[in-house]
Amino acid sequence: MAARPGLRGGARGAVDAGLAYAARLFDAPGGNDGFPVVSIVPVPGRRVPGRGATVIPIEGGRWIVTLSGTRGGEPSRSEAGFEAFLSSLDHPVVHGLVRAARPIGPIRTCRSTLNRRRFHEDGAPAGFTAVGDAVAALNPVYGHGMTVAAQCAAAIRAVLRIEGLHPGVGTSIQRRVAQVVDTPWTMAEEQDRGFPGAKSNGLSAKGPMDRLARWYGDRLARAALTDPAVFAAYFDVFALTAPAARLAAPAVAFAALRPCRRRPPTAAEAIGRHRRVAELAGHP
Ligand SMILES: Cc1cc2nc3c(=O)[nH]c(=O)nc-3n(C[C@H](O)[C@H](O)[C@H](O)COP(=O)(O)OP(=O)(O)OC[C@H]3O[C@@H](n4cnc5c(N)ncnc54)[C@H](O)[C@@H]3O)c2cc1C
């Protein structure tokens with residue numbers, strides 16, 4: 001990443017969607033074998049608080065159910081609030097699943113979901129290298145923080161293998177770390193800036209190239225609903241297992257830019273592909 005004119009080392013970017021979440025463990029009725037992740041994803045840019053819910057099957061035949069809401073639409077810690085939030089979502093599938101499951105722990109909430117970036121690559125103090133959350137602390141709802149921290153450690157190893165120890169190696173490491181955090185930071189701040197009441201400081205303000213990137217991202221997201229190759233690229237980049245350049249590969253770009261002829265599956269069709277989800281959630 002190139003140095004940013006006018007920024008001194010340690011300058012900060014910050015985006016706060018005001019997102020809060022509440023999570024609870026449940027016993028998965030009948031176990032988790034083949035059970036998919038079920039998610040209702042909030043759409044940014046709709047001028048209403050983003051509200052979503054996810055059921056993730058985890059070890060021990062359990063589900064972790066997470067409700068998330070941006071400013072004005074936050075979930076609460078109370079049983080009644082958890083229930084009311086579920087019933088207010090755009091689709092009833094997660095509510096249906098939760099009603100079929102047994103809670104096995106308290107409701108936990110988290111409100112510290114600020115995305116914060118420190119641009120140490122523009123001039124870190126000599127002899128220090130910052131990694132992980134000290135460079136980019138990301139909204140935990142994206143589940144990227146631990147991967148970023150591990151990738152930063154791998155970046156240190158890669159630079160040391162090439163350059164060995166020398167007085168300027170910290171600068172090389174900081175630049176490599178900046179490349180590591182660039183994609184997850186951009187994804188998180190772009191998503192979170194789109195929600196009503198989101199707050200961002202000047203360093204996160206964006207120009208025409210970023211608006212173009214957002215437009216392309218919207219095309220990709222739409223194409224991913226009907227094109228398995230675009231979905232695979234989109235998912236791998238989001239899971240931080242592939243570089244963002246994969247989204248600009250010719251086949252992916254072509255699929256994203258051509259007029260979409262197939263309609264995306266409806267929620268009922270998507271649920272219908274997973275018989276147990278349909279049965280448990282009470283869908284025909
Ligand atoms: C509620 C919540 C949920 C999250 N969920 C997920 C998730 O599901 N998936 C995911 O990938 N990430 C998640 N994250 C993010 C993830 O935890 C962090 O991104 C990751 O831990 C960052 O690693 P780190 O080593 O940079 O910092 P940390 O893990 O914070 O480690 C820094 C360490 O330095 C120590 N320390 C601080 N100051 C000093 C000092 N002066 N002297 C000595 N030691 C000091 C601290 O005690 C700490 O042990 C979540 C974060 C939060 C807050």
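This report describes a helix, a set of paired strands and the surroundings of a ligand in a predicted model.

Residues are numbered from 1 along each chain as its sequence is written, and side-chain values use heavy atoms, with hydrogens and water left out. Because the model is predicted, local features need pLDDT of at least 70 and side-chain atom pairs count only at pLDDT 80 or more, whereas totals for chains, interfaces and linings use all residues.

Helices (H or I, at least four residues) and strands (E, at least two) are DSSP runs, numbered from the N terminus. Tyr216, Leu220, Ala223 and Ala224 are the buried residues of helix 5 (under 20% relative accessible area; exposed is over 50%, partly exposed in between; 1.4 Å probe, protein chains only). These buried residues fall within an arc of 95° seen down the axis of helix 5, so they line one face of the helix (the arc is that of the directions from the axis to the C-beta atoms). Pro208, Arg211 and Arg222 are exposed on the other side.

Strand 8 (residues 115-118) runs antiparallel to strand 1 (residues 12-16), joined by four bridges; strands pair if DSSP finds at least two bridges between them. Arginine 117 in strand 8 stands opposite glycine 13 and also opposite alanine 136 in strand 9.

| Residue | Distance |
|---|---|
| Glycine 143 | 3.3 Å |
| Glycine 145 | 3.3 Å |
| Methionine 146 | 2.8 Å |

Technical notes
Polar contact = N/O pair within 3.5 Å; in protein donor to acceptor, adjacent residues only side chain to side chain.
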